[in-house]
Amino acid sequence: MRKEDFELLSTILKERSGLVLSEDKVYLLESRLTPIARKKGMETLDDLINEVRLRRKEDLLREITDAMTTNESFFFRDNTPFDLFKEHVLPGLLKSRASNKRIRIWCAAASTGQEPYSLAIILKEMEAQLSGWKIEILGTDLTQQVLDKAKAGIYSQFEVQRGLPIKLLMKYFTQAGEMWQISEDIRKMVTYKPYNLLDNYAALGKFDVIFCRNVLIYFHQETKSDILDRLRVQMPEDGTLFLGAAETVLGLSDKFKPVPGKRGMYNTADHVAQIRKAG
Amino acid sequence: MRSCLVVDDSKVIRKVARRILEELDFDIREAVDGQDALDSCHEILPDVVLLDWNMPVMNGLDFLKALRASEGGDKPVVVFCTTENDMSHISAAISAGADEYIMKPFDREIIESKFSQVGLL
């Protein structure tokens with residue numbers, strides 16, 4: 001790929017989604033955009049790039065952005081955050097929110113729905129303890145296309161085997177031809193909404209728990225810091241943030257502190273300071 | 001090192017499974033059908049059995065039932081690995097005492113994911 005072509009595409013992606021593409025990701029552009037070129041009846045990726053350069057049609061730019069920002073996802077990805085949610089975060093919330101019995105959870109990079117549905121399954125399994133509670137799960141993603149898939153809750157045989165124990169598959173899925181659909185009970189526990197992490201979060205309200213895993217890696221340092229600082233605003237002082245296993249707030253934001261021994265889990269710095277003062 | 005008995009009548013599948021599981025640090029034995037697997041288990045009980053369904057001589061489900069009924073046969077973790085991918089087969093396997101179920105085709109990631117769910121990794 002020519003340098004000016006790479007620059008054109010990476011500038012468009014940066015402007016539209018905040019995605020930062022380093023030059024070693026040229027292969028990713030080629031592998032994800034060539035199918036779009038083919039679909040449009042073009043011979044090569046160069047033809048597609050020329051089309052972008054000449055006309056900058058909105059629907060084409062959106063299709064390109066979607067193809068580049070769609071992430072792989074699977075049920076109970078990395079296990080640990082889900083165990084921590086179930087064993088540490090939720091018991092704490094059941095005490096601290098006992099008066100209004102409301103909990104709000106935000107999956108900020110919901111992709112095709114596996115993360116919010118994994119949380120919904122955990123909650124469903126604890127149904128008896130949660131009677132009378134109103135627990136909201138919001139799943140947002142930049143890409144409408146992946147959210148459509150999330151809403152339908154239909155997954156391939158491959159997808160349902162990555163991370164999902166067979167007994168949960170038996171309990172919460174039905175077979176639809178070669179595919180598997182998650183039950184309506186679970187689907188209706190999650191609300192999906194397209195949302196750009198670069199936009200203002202105020203309209204979404206406050207969340208007791210935010211999952212923002214494996215998405216910050218796509219942004220520049222200053223954008224990461226900005227997103228983290230703004231996520232803090234959407235949380236009460238005792239809120240909990242989950243980042244991906246390979247991610248950190250270190251050097252990016254002083255609004256959150258890692259919870260010692262709990263990988264990927266963060267408390268607000270204000271909360272930590274409060275506890276220190278009380279202790 | 002943990003041991004895994006790979007039971008499949010296809011030599012190719014046994015080879016693929018062996019390669020993946022050896023990389024995950026398992027000591028591998030192979031069996032070509034249910035009876036062969038049962039004989040192997042009587043000799044040395046493995047930590048885990050990766051089990052095909054449709055095989056000549058004795059199929060996977062019959063092997064599983066015989067294993068679970070035998071002395072010490074409740075110990076090995078049994079993971080089915082078969083092209084049978086409908087709910088009735090899955091239910092039958094789980095009721096007979098299978099711990100996990102892989103629908104073919106599989107890859108390294110699925111094996112890893114399923115093995116870690118049953119506490120083997």
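In chain B, strands β1 (residues 2-7) and β2 (residues 26-31) run parallel and are joined by 6 bridges; strands pair if DSSP finds at least two bridges between them. This is a predicted model, in which local features need pLDDT of at least 70, side-chain atom pairs count only at pLDDT 80 or more, and totals for chains, interfaces and linings use all residues. Residues are numbered from 1 along each chain as its sequence is written, while chains are lettered from A and ligands numbered from 1 in the order in which they are written.

**Strand pairing in chain B**
- V6(B) has E30(B) of β2(B) as its bridge partner.
- Together with helix α1 (residues 11-23) of chain B, β1(B) and β2(B) form a right-handed β-α-β unit (with the strands pointing away from the viewer, the path from the first strand over the helix to the second runs clockwise).
- Helices (H or I, at least four residues) and strands (E, at least two) are DSSP runs, numbered from the N terminus.

**Interface between chains A and B**
- Contacts (C-beta atoms, placed from the backbone, within 7 Å) link 9 residues of chain A with 14 residues of chain B.
- On the chain A side, α8 (157-161) and α9 (166-172) are the elements that give two or more residues, and α9(A) gives the most, with 3 residues.

**Domains of chain A**
- Domain 1 spans 3-69 and domain 2 comprises 80-150 + 182-278, the bounds coming from an automatic or database domain assignment.
- The centres of domain 1 and domain 2 of chain A, taken over C-alpha atoms, are separated by 31 Å.
- In chain A, 6 residues of domain 1 are in contact with 10 residues of domain 2.

Technical notes: Two residues are in contact if their C-beta atoms, placed from the backbone, lie within 7 Å.
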